[in-house]
Amino acid sequence: MRGLTHRAVDAAAGLPAGTTSAYFRTRSALLTGLVRRLVELDQAELAAAAEDAPALRTPDDLVRGLAALVAARTAGEGRRRTLARYACVLESVRDPELRDILVPRENPGREAVRTFLAARGVADPEARTLTLLACVDGLVLDRVVAGEQAVSRGTDEIEGLVAAALRP
């Protein structure tokens, strides 16, 4: 986070010095703009994934969908954005405005999980959905932090999370 400066953003974007500060006058405004953009990109990614994915009919379908999400968030550009998101999450501990922006949003992927769980008679599918997705987020964090040392057990961990979410 210390590297997030107007000057650094101008340089990374190939803009003349001072351009970023014309749009985001303070560091706080710059950080808020960054967080808004990260959330916007995440929501677009989740909407596109839900649109492209087949309907969730079986637990294996849900496992495959969540595995694809984990893969997208732990490699390449997704990994970079995940690292930025987690840095912003830590910053939001001291900044209520950032915290409000980072609150999990409704999106088609989340709705698909909730609908899937509800169709299986899970008690309180909203709470189970939030818990399942929080656990998947924890798995993403674990894999991003571990980097190349991450021990992937394929979909075993995700299968376990889905099984737990489906328990009566």
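This is a predicted model: local features need pLDDT of at least 70, side-chain atom pairs count only at pLDDT 80 or more; totals for chains, interfaces and linings use all residues.
Biologist: Which residues in α7 are buried, and what puts them on one side of the helix?

Modeller: The buried residues in α7 are Arg110, Val113, Arg114, Phe116 and Leu117. They cover an arc of only 160° around the axis, and therefore they lie on the same side of α7.

Biologist: How do you know that the length of helix α7 agrees with what its residues should span?

Modeller: Helix α7 runs over residues 108-119, and at 1.5 Å a residue its 12 residues should span 16 Å.

Biologist: What is found at the start of α7, and what follows just after it?

Modeller: At the start, a side-chain oxygen of Asn107 comes to within 3.0 Å of the backbone nitrogen of Gly109; this pair falls inside the 3.5 Å cut-off for a polar contact. Just after α7, Gly121 has a positive phi of about 75°.

Biologist: What makes the pairing of Glu106 with Arg110 a salt bridge?

Modeller: The closest N and O atoms of Glu106 and Arg110 are 3.7 Å apart, and the cut-off for a salt bridge is 4 Å, so the pair qualifies. Glu106 also meets Arg114 in a salt bridge, at 2.5 Å from N to O, and Arg114, at 14% relative accessibility, counts as buried.

Biologist: How do you know that Glu40 and Arg37 are separated by about one helical turn?

Modeller: Glu40 and Arg37 are 3 residues apart in helix α3, which means that about one helical turn separates them. An α-helix has 3.6 residues a turn, so residues three or four places apart point the same way. The side chains of Glu40 and Arg37 form a salt bridge at 2.3 Å, N to O. With relative accessible areas of 47% for Glu40 and 43% for Arg37, both count as partly exposed.

Biologist: What makes Thr32 a buried residue, and which residues is Thr32 in contact with beyond its neighbours within four places in sequence?

Modeller: Thr32, which lies in helix α3 (residues 27-52), has a relative accessible area of 7%, and because this is under 20% the residue is called buried. Beyond those neighbours, Thr32 is in contact with Glu97, Leu98 and Ile101. Thr32 and Leu98 stand 66 residues apart in sequence, but their C-alpha atoms are 6.3 Å apart in space.

Biologist: How many salt bridges does the structure hold, and which residues are linked in a network of them?

Modeller: The structure holds 16 salt bridges, and a network of salt bridges links Asp42, Glu45, Arg73, Arg81 and Arg85.

Definitions and conventions: Residues are numbered from 1 along each chain as its sequence is written. Side-chain values use heavy atoms; hydrogens and water are left out. Helices (H or I, at least four residues) and strands (E, at least two) are DSSP runs, numbered from the N terminus. Buried means under 20% relative accessible area, exposed over 50%, partly exposed in between (1.4 Å probe, protein chains only). Contact means heavy atoms within 4.5 Å. The expected span of a helix is 1.5 Å times one less than its number of residues. The arc is that of the directions from the helix axis to the C-beta atoms. A polar contact is a pair of N or O atoms within 3.5 Å; within protein, one must be able to donate a hydrogen and the other to accept it, and residues adjacent in sequence count only if both atoms are side-chain atoms.
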